[in-house]
Amino acid sequence: MGGDVDEYADVEWDKIGFGAIPTDYMYVMKCCKDHDFEHGQLNPYANIQISPAAGVLNYGQGVYEGTKAQRRSDGRVLLFRPDQNAIRMREGAHRLCMPAPSTNQFLHALKQTVLANKRWIPPPGKGSLYIRPMLIGSGPILGLAPSPEYTFLIYASPVRNYFKEGIAALNLYVEEEYDRASPGGAGGVLKAITRAKNRGFSDVLYLDSVNKKYLEEVSSCNIFIVKVEERGVMVDELSEADEVFCTGTAVGVAPVGSITYKNQRMEFRVGDESTCSRLYSTLVGIQTGVIEDKKGWIVEVV
């Protein structure tokens with residue numbers, strides 16, 4: 001499965017963005033309530049059937065992860081810290097009273113999915129294969145309770161840059177009406193981000209839900225202000241920042257050129273000599289095997 005090492009899918013690699021492109025295979029594994037996951041398999045990529053009473057549809061009982069596979073010029077395929085995705089999925093599943101694959105099961109499924117879809121991994125420098133593991137309450141449940149059945153599945157899609165700006169600096173808008181996450185829960189973000197993009201911004205920067213004065217995160221990624229200390233940052237301190245950038249699995253490391261708050265636009269340093277640029281080069285270098293991995297972060301798919 002997945003074809004010869006030099007075989008590529010019929011894709012115009014220079015034109016892909018960040019969207020769902022159907023690949024060849026997906027991985028599926030199921031288990032019942034109070035049991036562990038045991039056996040999974042690769043299936044042809046296709047729609048899935050699910051009960052209208054499924055826990056994930058009625059009560060949102062589901063978690064997901066995201067990671068990427070990179071192709072080196074010598075044909076090797078690398079994953080970046082996939083064990084951390086497995087751990088985070090288990091932590092989220094525990095909070096939602098869901099069984100979860102073990103780390104070994106997660107990594108095995110990840111590798112199988114990548115190998116089966118190897119021809120969809122873009123050539124070096126043309127993007128990556130985005131991999132989406134999902135864990136959902138797939139069994140029917142009418143009362144508010146854990147689902148009687150669970151499905152773990154992984155699908156993949158070739159992607160390039162998350163933002164339409166590519167690697168250019170982002171322009172963020174500080175959202176004051178909606179908050180990203182309230183104590184003990186998480187809120188929706190679609191209305192706020194749609195409104196911001198309609199006004200020409202790249203994304204939304206949220207403030208904390210309690211005081212409305214501390215930076216929370218961007219809807220699609222984390223945010224960092226370059227000033228050395230690690231602490232809560234008030235929105236009013238943005239004007240003092242030397243530099244601002246975002247990080248995330250899909251986003252990578254992306255520079256922020258401006259942030260607009262209360263109709264005031266603040267601009268920040270970007271360019272080859274910036275902290276963001278240095279971090280981006282280091283991260284991509286490690287992920288693609290150009291820079292030696294000294295921390296055991298890279299996993300080769302063989």
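**View 1. The second largest pocket, with a volume of about 210 Å³.** This is a predicted model, in which local features need pLDDT of at least 70, side-chain atom pairs count only at pLDDT 80 or more, and totals for chains, interfaces and linings use all residues. Residues are numbered from 1 along each chain as its sequence is written, and side-chain values use heavy atoms, leaving out hydrogens and water. A pocket here is an open set of points on a 1 Å grid over the protein atoms alone, where a 1.4 Å probe fits, with protein on both sides within 12 Å along at least five of seven lines; lining residues have an atom within 4 Å of a point. At least two lining residues each come from α1 (55–59), β3 (62–64) and β6 (128–137); helices are DSSP runs of H or I with at least four residues, and strands are E runs of at least two. Among the lining residues you will find Ile-48, Tyr-64, Arg-132 and Leu-153.

**View 2. Helix α4 (residues 190–198) and its buried residues.** Ala-192, Ile-193 and Ala-196 are buried (under 20% relative accessible area, 1.4 Å probe, protein chains only; exposed is over 50%, partly exposed in between). Seen down the axis of α4, these buried residues fall within an arc of 90°, so they line one face of the helix. They pack against β8 (170–175) and β9 (203–207) (contact means heavy atoms within 4.5 Å). Leu-190, Lys-191 and Asn-198 are exposed on the other side.

**View 3. Arg-81, in the loop between β5 (77–80) and α2 (82–95).** Its phi is positive, near 50°, although Arg-81 is not a glycine. Arg-81 is partly exposed, with a relative accessible area of 31%.

Key
The arc is that of the directions from the helix axis to the C-beta atoms. Grid points are joined across faces, edges and corners, and a volume is the space filled by probe spheres set on the points.
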